[in-house]
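Hello,

Here is the structure for you to look through. My notes on its salt bridges and strands follow below.

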Amino acid sequence: MTDIDRACRHLRERGVETGEIFHDTSDVFHRSSGAARRSGRDPERRKYRSYAAFNDRDGNEWVLQEVPAES
C-alpha cells in the first residue's frame, strides 16, 4: 500500500469520496486541465507524481499529491 492509498482510505473512512488515483504526463502538474491526467499511479513510481482528487461540500476540488516518506 502506498501513501496515496492510505490517504484515500483515510478520507473514505470519514465519508469523503475520492476519485481514482492518477498521474500527470506533463513535466508540470496542471490543476486546471485534465488533458495530461492518466489513470493509475505514475508507472515509473517517481516521487511526487501520483495524485487523487476529491470535492469538498462547497464544490471545490482538492488534489492530494503522494509524498513518499523518506527513510
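The side chains of R37 and E61 form a salt bridge, with 3.8 Å from N to O. A salt bridge here means a side-chain nitrogen of Lys or Arg within 4 Å of a carboxyl oxygen of Asp or Glu. This pair joins distant parts of the chain. R37 lies in strand 2 (residues 37-39), E61 lies in strand 4 (residues 61-65), and 24 residues separate them. Strands (E, at least two residues) are DSSP runs, numbered from the N terminus.

Please keep in mind that this is a predicted model: local features need pLDDT of at least 70, side-chain atom pairs count only at pLDDT 80 or more, and totals for chains, interfaces and linings use all residues. Residues are numbered from 1 along each chain as its sequence is written, and side-chain values use heavy atoms, with hydrogens and water left out.

Side chains of opposite charge can pair when their charged atoms come close.

Next, look at D42 and R46. Their side chains meet in a salt bridge at 2.7 Å, N to O. D42 is buried, with a relative accessible area of 1%. R46 is partly exposed at 34%.

E66 and R45 make another salt bridge, at 3.5 Å from N to O. This pair also links distant parts of the chain. E66 sits in the segment after strand 4, and R45 sits in the loop between strand 2 and strand 3 (50-55). They are 21 residues apart. E66 is buried at 8% relative accessibility, whereas R45 is partly exposed at 41%.

There is also a network: salt bridges link R9, E13 and R14.

Now back to E61, this time for its strand. Strand 4 pairs with strand 3 in the antiparallel sense, over five bridges. Two strands pair if DSSP finds at least two bridges between them. Opposite E61 in strand 4 stands N55. Strand 3 and strand 4 form a hairpin, with five residues between them. G59 is in the turn and has a positive phi of about 90 degrees.

Best wishes

Definitions and conventions:
Helix = DSSP H or I, 4+ residues; strand = E, 2+ residues; numbered from the N terminus. Buried < 20%, exposed > 50% of the residue type's maximum accessible area, 1.4 Å probe, protein only.
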